[in-house]
Amino acid sequence: MRAVILAAGSSSRIGKQKLLMPFRGRPLIEYSIEAAARWQPVVVCSREVAHHLAGRADVALIRNEEPELGMSHSLTLANRAIEEDVAIGVLLADKPLVSEDLIETVRRASRGADVTYPQHGGQPGHPVVLSPRARRFIDHLPPGDTVRLLRAHLALSVHPVDTADEGAFFDIDTIDAFEP
């Protein structure tokens, strides 16, 4: 499996690039990179995030020059850059409590399934593991935040993993979550 970290959003609700802002003492982007380190992360990112991460050997960078096309465009860029025969674990860079253990739990549960993701009380979370078969459908996703369409795709086998791990569901969407 390879990890894909989606980090190309504009942070419009916050007003500046939130992935570079400090959360518990470190830039927000660092949490997902650390959690995914074992799976050779590919970071699909904005110009600002790419500049911050430039020169690092622990990540492969892909610049998304059209972030307005949404999460599915970032996922398409990563999908085209990774070998076709491996699964990918998709993480969102604004979910700092996703841990290596959570990623591994979802990865292990993905055997035999096309789409595997954590859930709690029917609420889906991240990371999402996509099999090589599921990856064939990525290029056909419409623009926008439509990755969830893969969970509902009738041709794909889906396996939700019940968990109470808050890392799967907690994200940073407001300025209040950051340090003063």
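Helices (H or I, at least four residues) and strands (E, at least two) are DSSP runs, numbered from the N terminus. Within helix 3 (residues 71–81), the buried residues are S72, H73, S74, L75, T76, A78 and N79, where buried means under 20% relative accessible area, exposed over 50% and partly exposed in between (1.4 Å probe, protein chains only).

This is a predicted model, in which local features need pLDDT of at least 70 and side-chain atom pairs count only at pLDDT 80 or more, while totals for chains, interfaces and linings use all residues. Residues are numbered from 1 along each chain as its sequence is written, and side-chain values use heavy atoms, with hydrogens and water left out.

Next, select F23, Y31 and F170, which form one aromatic cluster; rings of Phe, Tyr and Trp (its six-membered ring) pair if their centres lie within 6.5 Å, with planes under 30 degrees apart counted as stacked, over 60 as edge-to-face and the rest as tilted. F23 and Y31 are edge-to-face, at 5.7 Å centre to centre and 75° between the planes, whereas F23 and F170 are tilted, at 6.3 Å and 40°. Because F23 lies in strand 2 (residues 22–23) and F170 in the segment after strand 10 (158–162), the latter pair ties together parts that are 147 residues apart in sequence. F23 is buried at 4% relative accessibility, and F170 is partly exposed at 29%.
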